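Here is a short report on one protein chain. Please look over the sequence and the model before reading on.

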Amino acid sequence: LVQLVESGGGSVQAGGSLRLSCAASGFTAGTYCMAWFRQAPGKEREGVVMIDPEGTRMYADSVKGRFTASIDNAENTLYLQMNNLNPEDTAMYSCAAERKIVWGRMCPTGRYAYSIWGQGTQVTVSS
């Protein structure tokens, strides 16, 4: 069964940190295009970070310098370390995956390019 399961969300005060996890099963995360997206109430889902198995990480401007994505290949798990959180980071965070078809070309960043999704984990940041 191909699936992604997120965990690690919660409620924190501004300036705090959280680490989200996304456990993959049924495929090898380290060979797929992986991404974190988030959706705040009343807003469109937006990309947070794209992780290319060839090494590229592409972060949204709003999280650069505060968020760090990584993959633990032994655990087949994607992580998102979020530091210095602010209320604008409040959203449902979801991880997504898509098989990388063309190596040498960067993975997509748009949400419509990803077909495997987790159920999401809520992050709430209070001021």
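Which hand does the disulfide of Cys33 and Cys107 have? The torsion about its S-S bond is about -80°, so the disulfide is left-handed. This is a predicted model, and the values below are computed from it.

## Disulfides

The count comes to two disulfides. The table sets out both.

| Pair | Sulfur–sulfur distance | S-S torsion | Hand |
|---|---|---|---|
| Cys33 and Cys107 | 2.0 Å | about -80° | left-handed |

What does the Cys22 and Cys95 pair tie together? Cys22 sits in strand S3 and Cys95 in strand S9, so the link joins parts 73 residues apart in sequence. Both of these cysteines are buried.

Cys33 lies in strand S4. Its partner Cys107 lies in the loop between S9 and strand S10 (116-117), so this pair ties together parts 74 residues apart in sequence. Cys33 is buried, and Cys107 is buried as well.

Counting bonded cysteines along the chain, the disulfides follow the pattern 1-3, 2-4.

## The open sheet

Four strands make up an open sheet, ordered S1-S3-S8-S7, with antiparallel pairing. Its edges are strand S1 (3-7) and strand S7 (67-72), each of which pairs on one side only. On average, neighbouring strands of this sheet are turned by 15° against each other, direction ignored.

S7 and strand S8 (residues 77-82) pair over six bridges in the antiparallel sense. Within that pairing, which residue of S8 does Ala69 face? Ala69 stands opposite Leu80.

## Nonpolar cores

Leu80 also has a place in the core. The largest nonpolar core has 29 residues, and Leu80 is among those with the most contacts inside it, along with Leu4, Phe27, Met34, Trp36, Met82 and Tyr93. The elements giving two or more residues to this core are strand S3 (18-25), strand S4 (32-39), strand S5 (46-51), S7, S8, strand S9 (91-99) and strand S11 (121-126).

Leave aside the neighbours within four places in sequence, and Leu80 is in contact with Leu18, Arg19, Leu20, Trp36, Val48, Val49, Phe67, Thr68, Ala69 and Tyr93.

Met50 belongs to strand S5. Is Met50 buried or exposed? Its relative accessibility is 2%, so Met50 counts as buried. Not counting residues up to four places away in sequence, Met50 touches Met34, Ala35, Thr56, Arg57, Met58, Met106, Cys107, Pro108, Thr109 and Tyr114. The C-alpha atoms of Met50 and Trp117 are separated by 14 Å, and the two residues are 67 apart along the chain.

## Aromatic pairs

How many aromatic pairs does a search of the whole structure find? The search finds three. One of them joins Phe27 and Tyr32, and it is tilted: 4.5 Å centre to centre, with 45° between the planes. Phe27 has 8% relative accessibility and counts as buried. Tyr32 is buried too, with a relative accessible area of 10%.

Phe37 and Trp117 form another tilted pair, 5.0 Å centre to centre and 45° between the planes. Phe37 lies in strand S4 and Trp117 in strand S10, so this pair ties together parts 80 residues apart in sequence.

How exposed are the two partners? Phe37 counts as buried because its relative accessibility is 2%. Trp117 stands at 26%, which makes it partly exposed. Phe37 and Trp117 form one aromatic cluster with Tyr114.

Conventions:
Residues are numbered from 1 along each chain as its sequence is written. This is a predicted model: local features need pLDDT of at least 70, side-chain atom pairs count only at pLDDT 80 or more; totals for chains, interfaces and linings use all residues. Side-chain values use heavy atoms; hydrogens and water are left out. Two strands pair if DSSP finds at least two bridges between them. Axes are lines fitted to C-alpha atoms, for helices over the stretch in contact, and angles run from 0 to 180 degrees between N-to-C directions. A nonpolar core is a set of buried Ala, Val, Leu, Ile, Met, Phe, Trp, Tyr and Cys residues joined through side-chain atoms within 4.5 Å. Buried means under 20% relative accessible area, exposed over 50%, partly exposed in between (1.4 Å probe, protein chains only). Contact means heavy atoms within 4.5 Å. A disulfide is a pair of cysteine sulfur atoms within 2.5 Å. Rings of Phe, Tyr and Trp (its six-membered ring) pair if their centres lie within 6.5 Å; planes under 30 degrees apart count as stacked, over 60 as edge-to-face and the rest as tilted.
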